[in-house]
Amino acid sequence: MSEKVKLEVLNPRGVVEAKQANAPAPRLTDLAGKRVGLYHNGKPGLDNFFTVFEELLKNKYPTVKTNLIRGSFEITDKDAEAWAPQIDTFVYGVGD
Amino acid sequence: MGKPGVFITCDTFADDAESASRDNAMPGVRRSIIKSSEFYKLRGDVKTIRPLVEGVFDNIIDAITTPLTLDEADTAREIKDDDGPDEITITAESFLAAIEELNQQFVEKRWSDGLPFIPPTPERVKWMLSGTTRSPHEVIGRVNPKQGIATIEKIAINAVMAGARPEYLPVIIAAMEALTDEYFDDLHILVSAGSFSLIIVVSGPIAKELNMNSGIGFLGHGWRANNTIGRAVRLATLNIGKMWPGANDMGLTGRVNPHTFYTFAENADLSPWQPYHAGRGFKAKDSTVTVATIGGASPMQNFYGGMIGTWTAEGILDNMVNDIIRTDRGLFMLWGVKGVGQYPGSGVGARNHFIILFPELAAELKNMGYDQKSLQDGVYKRTAVRYEELSPADRRGIQTGIEIGVVPAERKAVFEAALKPGGMVPVLISPENLHFFVAGGAPGCAFSFSYFRLPPYNRIAVMTRLVTGATLTRAGVIEGKNVPYGA
Amino acid sequence: MAGTVKLETMGKPGVFINCTTFDDDAKSASADNGMPTLRRVKISSQDFYKLRGKVETIRPLVEAVFDDIIDALTKPLTPEESNASGGKYEEESTAGVTVTAESYPAAAEEFNSVFLNNRWGDGLPLIPPTEERVKWMLSGTKRKPDEVLGRINPKQGVATIEKIAINAVMAGAKPEYLPVIIAAMEALADEDFDDLHVLASAGSFNLLTVISGPIAREIGMESGIGFMGHGWRANNTIGRAIRLSTLNIGHTWPGKNDMALTGRVSPHTFFTFCEAEDFSAWEPYHASRGFKADDSCVTVGSIHGESQLNHFYGGMIGTWTAEGILDRMVEDLVRTDRRGYFMWGTKGIGKYLGSGGGAMNHMIILFPELVEELKKIGFDQKGLQDEIYKRTSIPYDDLNPAERKSLQTAIELGVIPTDRKAVFEAALKPGGKVPVLISPDNLHFFVAGGAPGCAFSFNYYRIPPYNRTALMTKRITGATLTKAGAV
Amino acid sequence: MSEKRVKLEVLNPRGTIEAKPVSAPNPRITDLAGKRVGLYWNSKPGMDNFYKVFEELLRKRYPTATTTLLRGAFLIRDDDVEAWLKEIDTFVYGVGD
């Protein structure tokens, strides 16, 4: 067996700074009477998705109130500040 | 902001979503997955999408109501993208067996681009760094989507892999400076489903010193400088920004020119005009790199020239004007749209056009009295549309565009004046949105690319950077601060 | 050039006029055609392409070379010219290359620059084709290294299994890919395939290579999201092996005798991918072309240059329906092919009647979900071919006299083959419907892409300029490392 | 300088080109007077204009020379060659690009 050849190479990958993990907000135990926000970024199909979802949601939780808004792929700060106070929980869909 | 939520995504994008939640420092975000193959077909109508929603309804409700697990709530841990040690060692019975092993490992780890690369050994990286005065640890910015830190050393490692030579490094660095600039939208070109691509154009004397090709076949194979500079940018972005086709780079068809983007040089010898950057805030004798996002799979709009037909400068100019009117005329109504991203008008409406003129055509245009500036003004005027031809939606689009700042302040007066009977309304926000590059041989072809003037996720998608810190060429040795100029 | 040599060999003394840009091309072509000392006169490309439009403008150019032409016809041959048989055709060394350096990486850099300076590379890093590596590559086929597949243009270099294996090593391919590469080269080297036009023409024509059948999955090819892009070792290195094999076996170089003016798009790998067999509701492409469904095949087709990627959408931005995409396909086909009617009846630009003009072949890429929908509304490949063929026919009464005359001549000349004569004769009457496709078989469907996917197409002349066909499917044989293709 | 020299031997990727029997061009016509000069145009635009001027200059220098213009495919077709051969003594072929 011919003597071994050692090939040492450097790592081409960029360092990604460690980030402090944030925990999601605590869950609601019950949706009765709650305000459910529905967010989508206008990509076709999600409006239909939410129409059906709203219907099923109201069957299950008659007292729930929904609040549908449409915005950019990443919700802008302005929209978030305006929308957050009006909802207790949310469903965020982008369809892709 | 204290609101418990759930993120709905299609299975094709499940990895993408998982990776994005880590990028945004909330790995525990609750996600609900729907099947891509069903969603894209059924979404067209409430009736057809019903079964899909019913299928995933309980999952969404659980995501909102079941309490967080310990793991999800744990904020003590850090999200660390573990990409292995700084050095990788491979042993094999022969050098080439080791190369084969390295190639296979790197492509499986998604660290390469599918073609063979030069092993970035410490010695090779030192050899590459000899091409710049800049320190290896200098951070020039971050690359999306994972905001990886772009240092001169990481760029040099990827430049070695690409097969570049040290004298090319300053050009590669300048291109990466444009892409990682805080205002450049690198996210859209690197990850969007539309398979967007880049043009990387080198202007000024450094191109000749690196013997870049700008004659016959300038966009094609066979030119080490053109091909490896483009490839270095490809490898550096995918390795520093950490994206992979189908995982979080969602280019559906895959890009045309995927390994080298469109990387070429202006034909300084044959061009009768000053370099591109001379009219854009740089001195004629400078060497620069202009990086711009361009449209996806079918990018090139051909204005002919070549040898099959006879051509006249007027004829090609007509083709160009008609093409710009045809593509941009229908966008007026979108000028007032809030846009796809954070900034008004982002990712819609008016466009930038990148037009490649062959040297003979530029010579004819010069004989007709044109230089770059006057050609910009000429085409800008000839592509304006009569006010009376605008639909109400067009007029409303421009009006709102002015109000929400899509039309910048310095252009307001021009459009307000044009929006009257007898007025001529430009389809281009400004003549500066026409970018002319002179490249090709004799005979040559004229063609163009175009892209949104306002990209979806940041302020600009075209930028020219000065080449600095060169050690092996006369051009590009300017020290000191760069003068970025984004149109 | 072959034409001039033909006239000379039939006893007529002549002169060949070429532009300066093509001087190397002409010099090399005269040698290729066995008459290295053929008399030639150069005219400046710069002037000719500009001035040729009118007699008065071209006058000075003719006056400048008039005497040279007369001399070329009248001054007696010099001794070297007449005993040309002794004339040394610039012989390239056929030996290998040995490179020495202090370290392997330095040797690899030296090897890469030597090969590129010899114009044996493609601008990106090559794997050194050592004897050991070539033996490793040849382990992927049962076929003998010295087996000759045919000749590659323009220099009619001999394509052997060994030469293909050497170039496959350089491309970074693996032994299990070799049978696929060999099958693709068999198509290009086929005596009826027009490799000259795609490898040498000014129009920067390109190659589409689609692998269908079970071998694709066995060797790890990618057919999902990003299938035409970077990151897929099998797709990318198979395409690159074809690029390197053609330029090395056929001896072409950009700007010398590969006159692609802009240079090709995706120049290092061409468009090379495989069908998404696991997700396709149809049989593989080759099953409808005379091969067995469980065969593994490669289909190679010349395609138009840079901007011929016609988009029929799908993707995720808009909702889509199969009918909607079908409509757009029909519209696009009528728009592009209707224009070609007047060329059907011309003798064509090459040897064969109708060559390089008129009717087209269309290579249409359909994404899996779309094919599922098409199958639901009753279409298999044959059915879709007939549907589109019918729907793209033009009412006879809409044809102008020139078009009618051209179609008539096309029948008489035999450009419309005998088995299609009756169809067109019947259509060319008042009330008739005239197809824009000579036959439904000129529609070639390949299923590729992920979910969501995009539908798009390429096209090219049904009869290419210099040979009978430019679209061919070959069965993969001789595989040793895969079950498929082991035939 | 590390003493160990590394040798990398690689094979030649170039296709062999069979030696072709090389032939010489024809002996020239010493005088074009009275000769029939064929002008072959391979349809690429511009050569027709080129030949109009060429014919003019040719007649000035050789009043008795005659010209026959033939337009055809990029590479002259066999049937064109046969027909044209009988009508010419010498020829000009262009434009090569």
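Predicted model: local features only at pLDDT ≥ 70, side-chain atom pairs only at ≥ 80, totals over all residues.
**Cysteines**

How many disulfides turn up over all chains? A search of the whole structure comes back with 0. Take B:Cys445: the nearest cysteine sulfur belongs to C:Cys19 and sits 15 Å away, so B:Cys445 is in no disulfide, given the 2.5 Å limit. C:Cys297 is in no disulfide either, and here the nearest cysteine sulfur is that of C:Cys274, 13 Å away. Are these two cysteines buried or exposed? B:Cys445 has a relative accessible area of 16%, and because buried means under 20%, that residue is buried. C:Cys297 counts as buried as well, at 0% relative accessibility.

**How the chains meet**

There are 5 pairs of chains in contact, and chains C and D share the most contacts among them. Chain A and chain D, on the other hand, do not touch; their nearest C-alpha atoms are 12 Å apart.

Let's stay with chains C and D for a moment. On the chain C side, 98 residues are in contact, and they meet 65 residues of chain D. The size of an interface is often given as the accessible area lost when the parts come together.

The interface of chain C and chain D holds 5 salt bridges. D:Asp80 forms a salt bridge with C:Lys347, and the closest N and O atoms of that pair are 3.7 Å apart. Polar contacts across the interface of chain C and chain D come to 29 residue pairs, both partners being at pLDDT 80 or more.

**Domains inside chains B and C**

Chain B is divided into domain 1 (7-73) and domain 2 (171-481). Chain C is divided into domain 1 (2-82) and domain 2 (200-475). The table sets out what happens between domain 1 and domain 2 in each of these chains.

| Chain | Distance between domain centres (C-alpha atoms) | Area buried between the domains | Share from carbon and sulfur atoms | Salt bridges |
|---|---|---|---|---|
| Chain B | 38 Å | about 360 Å² | 60% | 0 salt bridges |
| Chain C | 38 Å | about 390 Å² | 57% | 1 salt bridge |

In chain B, 5 residues of domain 1 are in contact with 4 residues of domain 2. The count of residue pairs in polar contact between these chain B domains is 1, with both residues at pLDDT 80 or more. By class, the domain 1 side that touches domain 2 of chain B has 1 nonpolar, 2 polar and 2 charged residues.

In chain C, 5 residues of domain 1 are in contact with 4 residues of domain 2. Which residues of domain 1 of chain C lose the most area to domain 2 of chain C? They are C:Phe22, C:Asp24 and C:Asp25, together accounting for 76% of what that side buries. C:Asp24 comes up again in a salt bridge, where its side chain meets that of C:Lys256 at 2.9 Å, N to O. Between the two domains of chain C there are also 2 residue pairs in polar contact, both residues at pLDDT 80 or more.

Key. Residues numbered from 1 in each chain as written. Chains lettered and ligands numbered in written order. Heavy atoms only, no water. Domains from an automatic or database assignment. Contact = heavy atoms within 4.5 Å. Buried area = accessible area lost by both parts, 1.4 Å probe. Salt bridge = Lys/Arg side-chain N within 4 Å of Asp/Glu carboxyl O. Polar contact = N/O pair within 3.5 Å; in protein donor to acceptor, adjacent residues only side chain to side chain. Nonpolar A, V, L, I, M, F, W, Y, C, P; charged D, E, K, R; others polar. Buried < 20%, exposed > 50% of the residue type's maximum accessible area, 1.4 Å probe, protein only.
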